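Hi,

Here is the structure I promised to pass on. Have a look at it first, and then read on for what turned up.

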Amino acid sequence: MGEWLKQIILLVILATVADLLLPTRSMQRYVRVVMGVAVLAAMLQPILPLMRADWADRAAAAVEAELGFDTTSVPAGKAAQVANVMADQQARTAQELLAARLADGIRQTFGGPAPDVTVSGLAQRDLSVDVALDASQSARAGEIAAWVAGELQIGRDAVHVHTR
């Protein structure tokens with residue numbers, strides 16, 4: 001970082017000196033353009049390596065070298081296990097978010113208190129929804145089930161509505 005700043009400062013000083021030494025106006029314009037491009041190139045120098053296609057691999061290798069971590073020592077089974085745990089957590093979070101949005105949508109569309117909604121099977125693409133309504137809304141159970149099925153574009157048989 002220090003070398004980079006020194007390089008930029010030296011280029012700016014060189015550009016200023018060159019600008020002061022040139023006697024004619026026409027030459028000053030050309031020198032200013034060339035020195036401006038040189039200063040811009042010097043400023044972009046640390047960023048340009050990131051534009052290459054393999055920058056992520058090289059950055060990961062640099063971090064691994066700095067931390068002394070060897071990814072080849074991680075067994076393939078362990079990596080797959082971590083990936084499965086992460087996928088399960090992601091699916092669980094998505095199901096919880098979908099359940100919260102459905103509960104809010106039911107409350108806004110049909111009124112009354114928000115129901116308890118549970119969504120399952122999202123990761124396996126076998127979606128099912130369980131809606132626990134307040135007793136005051138039990139008469140609208142069929143409408144709510146049809147609304148949920150329509151919103152999620154799933155079969156009506158995948159939506160189970162009951163009272164608490």
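A word on terms before the details: contact here means heavy atoms within 4.5 Å. This is a predicted model, in which local features need pLDDT of at least 70 and side-chain atom pairs count only at pLDDT 80 or more, while totals for chains, interfaces and linings use all residues. Residues are numbered from 1 along each chain as its sequence is written, and side-chain values use heavy atoms, with hydrogens and water left out.

Let's start with the core. Val 148 touches Leu 102, Ile 106, Val 129 and Val 159, if residues up to four places away in sequence are not counted. Val 148 is also, with Val 117 and Val 129, among the residues with the most contacts inside the largest nonpolar core, which has 18 residues. (A nonpolar core is a set of buried Ala, Val, Leu, Ile, Met, Phe, Trp, Tyr and Cys residues joined through side-chain atoms within 4.5 Å; buried means under 20% relative accessible area, exposed over 50% and partly exposed in between, with a 1.4 Å probe and protein chains only.) At least two residues of this core come from each of α4, β1 (116-120), β2 and α5, and α5 gives the most, with 6 residues. Helices (H or I, at least four residues) and strands (E, at least two) are DSSP runs, numbered from the N terminus. A second, separate core of 7 residues includes Leu 11, Ala 15, Met 35 and Val 39.

Next, the aromatic rings. The structure holds 1 aromatic pair. The ring centres of Phe 110 and Trp 147 are 6.2 Å apart and the planes stand at 90°, so the pair is edge-to-face. (Rings of Phe, Tyr and Trp, the last by its six-membered ring, pair if their centres lie within 6.5 Å; planes under 30 degrees apart count as stacked, over 60 as edge-to-face and the rest as tilted.) The pair links distant parts of the chain, with Phe 110 in helix α4 (residues 76-110) and Trp 147 in helix α5 (residues 141-152), 37 residues apart. Phe 110 counts as buried, at 13% relative accessibility.

Phe 110 is also one of the residues in contact with Gln 137, along with Gly 111, Gly 112 and Pro 113, leaving aside neighbours within four places in sequence. Gln 137 sits in the loop between β2 (128-133) and α5 and is buried, with a relative accessible area of 5%.

What about Gln 153, buried or exposed? Gln 153 counts as exposed, at 73% relative accessibility, and is found in the loop between α5 and β3 (159-163).

Best wishes
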